[in-house]
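Reader: I am new to this structure. Please take me through its charged side-chain pairs, one at a time.

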Amino acid sequence: MTRNNHICDKFWGEEFNSKHGFKTVNERMKTCVDVCSTVLSVVRQRSKHEDEFSRMLTKNFKPSECNFSSEIGSLCSALSSLCANGEKIAAEHLAAAKELSDCAERIQKFLDAMKAEWRIEKDRAKRSIQDKQRQYDKTMQAKRSYHDKSRSAEQAEIAAKFGQNSGSAEKASKLKQEASRAETAYREAVSTLNETRDLWERDLHRYFTFCEEKDKERIKLIQNEVWILTNILSSTYVAADKCCEDSRLALEKISPEADIKEFIEKNQTGSKRPAAVQFEPYTKTVILH
């Protein structure tokens with residue numbers, strides 16, 4: 001990024017107790033967590049579906065379900081190729097499920113670490129914001145007290161100057177001392193407030209810098225992991241297509257004539273038909289007397 005084009009440079013405000021910048025960046029971090037969680041869910045579901053599909057294919061093409069031992073010739077070879085390639089495709093989807101599961105683990109690890117670190121940094125920033133707000137309130141209270149006492153002392157001094165009553169000079173002296181103490185308290189409060197403000201500024205700068213770094217890491221992670229996911233699916237489809245092509249080549253070699261010829265050669269029972277059945281007339285039995 002160019003100079004002065006970072007989160008830590010662009011989310012402040014002139015109003016002393018404004019939290020708008022902090023809230024805006026905090027909402028961005030919530031979005032980071034939500035999007036990362038959604039991507040994690042997508043990868044996990046795809047891994048689950050790949051695993052389930054692999055199991056289904058394995059079941060469909062297991063020997064007991066895909067048995068063509070009674071078939072012969074080129075059709076037998078083609079059907080055997082179909083089963084063998086079906087098992088290979090199942091293995092490819094199982095491998096994809098495992099790789100996607102590893103992908104999900106990496107995203108989960110990053111997400112857990114980011115959330116833990118974010119909680120620590122956010123709590124530090126919130127404490128600084130609250131401390132600044134409390135000290136500001138104390139300072140404004142000290143300011144009001146100082147101004148009120150200074151006004152009372154001034155009025156008492158004017159009254160004493162014109163001798164409006166006998167005790168006005170003593171009262172004016174007492175109020176002046178109170179005003180002096182109030183001024184000291186106010187000055188100390190302002191000094192403490194500025195120290196608190198400096199700490200708040202450092203903590204907010206740290207928080208904004210942390211959020212920007214984590215956001216960049218998150219974007220890069222999602223880019224890489226989705227890239228890996230795409231490559232996994234692509235390679236799985238390519239391998240599956242290769243298996244299908246092998247089956248297609250086997251199917252192209254099917255020859256009904258050759259298979260029937262093989263069946264005849266292996267199982268023929270003879271070329272001669274049985275002779276026609278001839279009519280045999282009834283012969284009467286000869287009775288001897």
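Which residues are linked in a network of salt bridges?

Author: This is a predicted model. The network of salt bridges links R28, D215 and R218. The general idea is simple. Side chains of opposite charge can pair when their charged atoms come close. In total, the structure holds 20 salt bridges.

Take R206 and E121. These two form a salt bridge, with their closest N and O atoms 3.0 Å apart. R206 sits in helix 4, which covers residues 168–252, while E121 sits in helix 3, residues 73–161. The pair therefore ties together parts that are 85 residues apart in sequence. Now look at the surroundings of each partner. E121 has a relative accessible area of 11%, so E121 counts as buried, the cut-off being under 20%.

Next, stay within helix 4. R197 and E201 meet there through their side chains, in a salt bridge of 2.9 Å from N to O. They are four residues apart in helix 4, so about one helical turn separates them. R197 is partly exposed at 28% relative accessible area. E201 is partly exposed too, at 33%.

Helix 4 also holds D246 and K242, four residues apart, about one turn of the helix. Their side chains meet in a salt bridge, 3.2 Å from N to O. D246 counts as partly exposed, with 24% relative accessibility.

Methods. Residues numbered from 1 in each chain as written. Predicted model: local features only at pLDDT ≥ 70, side-chain atom pairs only at ≥ 80, totals over all residues. Heavy atoms only, no water. Salt bridge = Lys/Arg side-chain N within 4 Å of Asp/Glu carboxyl O. Helix = DSSP H or I, 4+ residues; strand = E, 2+ residues; numbered from the N terminus. Buried < 20%, exposed > 50% of the residue type's maximum accessible area, 1.4 Å probe, protein only.
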